[in-house]
Amino acid sequence: MGIQRIESVTYGVADADMLEEAVRFFEDFGLFLVERTDEHAVCETLAGQTVQVDTDPGAHLPPPVESGPTLREVVWGVDTADALDRLVTGLGADRTVRASADGVHHTVDETGFGVGLTLARPRPLHVTPRPANVSGSVTRWSTPLEPVGRVRPLRMCHVALNIPKAGREAAVAFYTDLLGFRPTDVVEPMGVFLQAPGDDDQHTFLLCHRPDKAGVNHVAYEVPGVDDVIEGGNHMIAQGWREARKLGRHTIGSNIFRFLHAPCGGRVEYACDMDRADASYETRIHETAPPHTLWSLRQNRDVAG
Ligand SMILES: [Fe+2]
């Protein structure tokens with residue numbers, strides 16, 4: 001089939017202090033620290049994807065696309081060795097691809113972001129959704145809900161990158177023509193939502209047009225439910241991290257979200273309840289941007305008068 005999921009992301013940071021800050025951030029966020037040296041750290045989701053933070057991310061990566069700490073590479077997990085061979089061969093006919101000792105094939109996209117391909121190593125997830133009640137469908141009797149407690153992201157579910165508006169068609173075509181992504185929603189003034197061929201989420205990847213600037217926008221992590229989104233965000237704020245966008249539900253993808261600023265660049269998103277889309281979902285073209293969210297928490301001061 002092809003690309004199934006995000007396998008890892010790599011951030012480059014300037015020094016050991018920034019590295020320490022990033023490790024504290026991701027541990028507070030709920031990831032598991034699995035490797036740590038003076039130069040780099042690796043954190044993991046429950047699904048076994050890794051977040052790499054490095055003071056010297058390596059010779060196989062292109063230069064950063066923006067100043068300051070930022071995302072340097074997204075490695076995509078491919079479901080079979082045959083599919084991986086096919087993708088690497090196709091990429092190799094178009095641009096330079098280098099293999100590293102860990103089995104990752106590295107190249108660079110049209111914007112300058114590092115792109116890797118490797119065999120996916122999915123770890124099964126065991127999730128019991130919290131029972132919900134509505135009249136006519138009651139599933140929770142005589143059991144008040146308990147707090148979630150420590151929030152643990154299940155998996156990285158999507159990455160969003162900012163790309164310059166000039167040349168955006170070529171930037172998107174790299175992912176559709178060479179890597180097999182398909183556009184699910186095209187918002188002409190804003191960007192293209194893309195689904196990996198082996199993923200069910202309405203989007204696995206988002207390329208946001210910006211007037212002239214490339215950079216990391218955000219990386220999203222699926223959590224089991226809305227209580228995790230709320231409690232996870234509250235915990236991060238209690239630990240001193242800054243919220244970037246308060247609780248809401250997106251119009252495209254329908255995911256419930258809460259965003260935090262990440263010290264290693266861009267933002268991270270706690271996300272849940274995203275739309276799943278199969279082959280019956282036809283690409284939607286939006287000539288004007290739909291409202292960013294239909295479900296923001298409006299306050300009195302948001303209403304004129
Ligand atoms: Fe998102």
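Modeller: Buried means under 20% relative accessible area, exposed over 50%, and partly exposed in between (1.4 Å probe, protein chains only). This is a predicted model, where local features need pLDDT of at least 70, side-chain atom pairs count only at pLDDT 80 or more, and totals for chains, interfaces and linings use all residues. Residues are numbered from 1 along each chain as its sequence is written, and side-chain values use heavy atoms, with hydrogens and water left out.

Biologist: How do you know which strands pair with β18: what joins β15 to β18, and in what sense do β17 and β18 pair?

Modeller: Two strands pair if DSSP finds at least two bridges between them. β15 and β18 run parallel and are joined by five bridges, so the pair meets that cut-off. V219 has V268 of β18 as its bridge partner. β17 and β18 are antiparallel, with six bridges. There, L260 stands opposite V268. The hairpin of β17 and β18 has five residues between the strands, and G265 in it takes a positive phi near 120 degrees.

Biologist: What makes β16 and β19 edge strands?

Modeller: The open sheet has nine strands, in the order β16-β17-β18-β15-β11-β14-β13-β12-β19, and its pairing is mixed. β16 (243–249) and β19 (284–286) each pair on one side only. From one strand to the next, the twist averages 20 degrees. Elsewhere in the sheet, β13 (191–195) and β14 (205–210) pair antiparallel over four bridges, with V192 opposite L207.

Biologist: Which strands does helix α1 lie across, and which does α4 touch?

Modeller: Contact means heavy atoms within 4.5 Å. Helix α1 (residues 16–29) lies across β15, β17 and β18, at about 10 degrees to β18. Helix α4 (residues 226–238) packs on the sheet and touches β16, β17 and β18, with its direction about 15 degrees from that of β17. Such angles run from 0 to 180 degrees between N-to-C directions of axes, which are lines fitted to C-alpha atoms, for helices over the stretch in contact.

Biologist: Which members of the largest nonpolar core touch the most others?

Modeller: A nonpolar core is a set of buried Ala, Val, Leu, Ile, Met, Phe, Trp, Tyr and Cys residues joined through side-chain atoms within 4.5 Å. The largest one here has 60 residues, and F26, V51, W76 and L117 touch the most other members. Helix α1 gives the most to this core, with six residues. Another core lies apart from it, with seven residues, including A160, M190, F193 and I252.

Biologist: Why does R95 count as buried?

Modeller: Its relative accessibility is 19%, and the limit is under 20%. So R95 counts as buried. R95 sits in the loop between α2 (81–92) and β6 (98–99). Beyond four places in sequence, its contacts are T107, V108, D109, E110, F174 and L178.

Biologist: What joins the side chains of R95 and D94?

Modeller: A polar contact of 2.7 Å does. The term needs a pair of N or O atoms within 3.5 Å; within protein, one must be able to donate a hydrogen and the other to accept it, and residues adjacent in sequence count only if both atoms are side-chain atoms.

Biologist: How do you know that the buried residues of α3 are on the same side?

Modeller: In α3 (residues 168–178), A171, V172, F174 and Y175 are buried. They cover an arc of only 140 degrees around the axis, which puts them on the same side. That arc is taken from the directions from the helix axis to the C-beta atoms. E169 and D177, on the other side of α3, are exposed.

Key
Helix = DSSP H or I, 4+ residues; strand = E, 2+ residues; numbered from the N terminus.
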